[in-house]
Amino acid sequence: MASLRQQIATTALTLTKFRELMRRMQENRPHDDLSLVKKAYDYSLKHHEGQTRASGEPYLVHPLQVGLVLAEMKMDPVSVAAGLLHDSVEDTSVTIVDIRKEFGEQVAHIVEGVTKISKIDFHTREEQQAENLRKMMLAMVDDIRVVLIKLADRLHNMRTLEHLEPERQQKIAQETLEIYAPIAHRLGMGKIRGELEDLGFRFLDPGGYEQVEKAVDARRGPGEAFLGKVQQTIADKLKEAGIQARVESRIKRLYSVHKKLQRQRISADQVYDLFAVRIITHSLQDCYAVLGIIHNIWRPVPGRIKDFIAMPRPNFYQSLHTSVISEEGTPFEIQIRTDEMHKMAEEGIAAHWKYKDGPVSAQDEQRLAWLRQVVEWQRDVSDPNEFLSTLKVDLYPEEVYTFTPKGKVVVLPRDSTPIDFAYTIHTEVGHSCVGAKVNGRMVPLRHKLHSGDIVEILTQPGHKPSRDWLGLVKSSRSRNKIKHWLNLHQRERAIEIGRKLIEKEARKYRIALKEIKDEDLQKVATGYGLGRADDLMAGIGYGKYSARQVLARLLPPGATPSMESEIEAEGLSAKPGAIANVVRRVFGDHNAITVKGQGDMLVYRARCCNPIRGESIVGYITRGKGVAVHSVNCPNVTNLLYEPERRIDVEWARDESTPTSYPVKLTVFCDDRFGMLKNITGVIGDAQSNIRNIGAHTANSQASVEIVLDISDLKHLEQIIAGLRKIPGVHEVQRLQKI
């Protein structure tokens, strides 16, 4: 009887959700045939029967909620049907062939794409993670509906994340903040992006979330009262001018507040755009008319007027932004846009995605141009760390808008230099760039460009890129083009050095290099897992392989060096060991890290990032000092690893019998209040960490405390940082890589 009651309740729940979905579809797309959606519901109901989620709900509730999110985006019946079926292949006995037979090629193609993305694990090793992201990007280019369904799927999963284990919550939340929210941003889907970020923040950093939430709630009452007056004033003035518009207000999302506190190192009281007014008009002309009216009511803040209508962001966001100061001296932000722009800002690419006359319209092709560009740029990127770091820049850029002397707009990432500008114009212009004029004045190549700058690039035939440029450029396009050129020329040099080293070693056996057959060299290269003999020579030139070991594989059995070379070797035998000992004394801790698959190679921790046990690390072969080990997050890694041949796999040694401590420098940004230092040192003491050095600086009721600690491993560091962030009045804790 109980089982029957449960079955009736389950059927009633799913039927209610389905009716809600159909009602929303009929409201948003009244002329569409919804029989495909009904058929998909019946099919899912049959195949998900008896399955439940971690929350205890019937499993079918999840596909229905995904369908509802898609219906709210005003997506077509094909998309909603695919949303209802998106888990069928993965979680039931249904195959893609079955879906194709029942629902046709379009639905099957989308479901197959979503299933492939669902299998992607973004927490594998860098190589696999980069490859998975590439697959996701290609799926987006193939049919954007695949990723829109995946975003809807992730949104509902995030809304019900509390039912999972804490470890799974952390993993999924991090993936959401690093991958899915940025993709929603680049697709212009502000509403979904905002909710994904807030939910990810809530589960990834519960303490920080609670702290920001309390700070915002404390200002909510007075802020809403203030905004009410502002809205009424604007409405009255617009009515007088005969302009029809609706006036709304919004509270800045918690994750956005958190990022601003981190970036600007301020308290919540100093976030002036926490509350903003949005004015939605009927025409483009009205937007500019409203801007004039606003500036007549309140005084604008200089430098805070942004015209994203004339120059839209790369994700096609359009709006006028202005910050003004009220009569009481309170700054606040006003956004002005048309209905069409508002839909685009909230829903992004989904706002105009139509599938009546085929999958992609010309306008939608333009909206995906940035994505095709990203895929194209990444094809030449072989290093996975480089791919992941440049992808983050591409997905989440903060732009500056610059101009050519002829008035063409060039959009670049924030802090870009004339070199970035040159490579955006053309690769050869970038390679041959020797200087630049900004607003008619000569500037150095490291000069940071600002919105509105007119940039003229000076070139010189035959000029070539410098490795130093890698530290100056900000755009992934520029960095990839420079690295490609450097890698090509460095590789040629490495092959030449490799051949000379082999020749020198061969002379000891009275053998000339030309006597060694190409097929023998090829066999040795294959034994090292390389494709060509030149790859082997480059590896020797970079120091990755020993010329002596390579030659040993080429020599006939029983070959011995001449007496002179033996004496020479004996005389020098102590030298490498002596150098190794000096380097080990200087850099220390070589026993904690080993090189995978290699013997006793000289290894040391790079001082630029000071990696600690537990962090993901990467090795880079240096000339004369052995293998430098960097944290994968080290800013220098992407600049160093433009030569993939010099990268080598390293790992933390498994022997932890001898405890090791690492010096780590932290900066705590906090309120300047009585007892703060005591609270900070108390957290560090409770975590059983020794303080090597501590110092504090104060200004305007704010303080920054710099501490050098002894840390045993990454978990120990994370424990201390989490504890410090829970202290009332602490805004942010940052680890400084260089001690």
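Of the 739 residues in the protein chain, 48% count as buried, where buried means under 20% relative accessible area, exposed over 50% and partly exposed in between, with a 1.4 Å probe and protein chains only. The model is a predicted one, in which local features need pLDDT of at least 70 and side-chain atom pairs count only at pLDDT 80 or more, whereas totals for chains, interfaces and linings use all residues. Residues are numbered from 1 along each chain as its sequence is written, and side-chain values use heavy atoms, with hydrogens and water left out.

The accessible surface of the protein chain, from the Shrake-Rupley method with a 1.4 Å probe, comes to about 36400 Å², and 50% of this belongs to carbon and sulfur atoms. The chain holds 29 helices and 21 strands, taken as DSSP runs (H or I of at least four residues for helices, E of at least two for strands) and numbered from the N terminus. Among contacts (heavy atoms within 4.5 Å) between residues at least 6 apart in sequence, 68% join residues at least 24 apart.

Leaving aside residues up to four places away in sequence, Ile99 touches residues including Tyr43, Leu85 and Val111. Leu85 is also one of the buried residues of H4, a helix (residues 77-85) in which nine of nine residues are buried.

Eight aromatic pairs are found in the whole structure; rings of Phe, Tyr and Trp (its six-membered ring) pair if their centres lie within 6.5 Å, and planes under 30 degrees apart count as stacked, over 60 as edge-to-face and the rest as tilted. The rings of Trp298 and Phe332 have centres 5.3 Å apart and planes at 80°, so this pair is edge-to-face. Trp298 lies in the loop between helix H14 (284-297) and strand S3 (299-300) and Phe332 in strand S6 (residues 331-338), so the pair ties together parts 34 residues apart in sequence. Both Trp298 and Phe332 are buried.

An open sheet of four strands, with mixed pairing, has the order S13-S15-S14-S16, and two strands pair if DSSP finds at least two bridges between them.

| Strand | Residues |
|---|---|
| S13 | residues 603-605 |
| S15 | residues 626-631 |
| S16 | residues 647-648 |

S13 and S16 are the edge strands, each pairing on one side only. S13 and S15 run parallel and are joined by three bridges.
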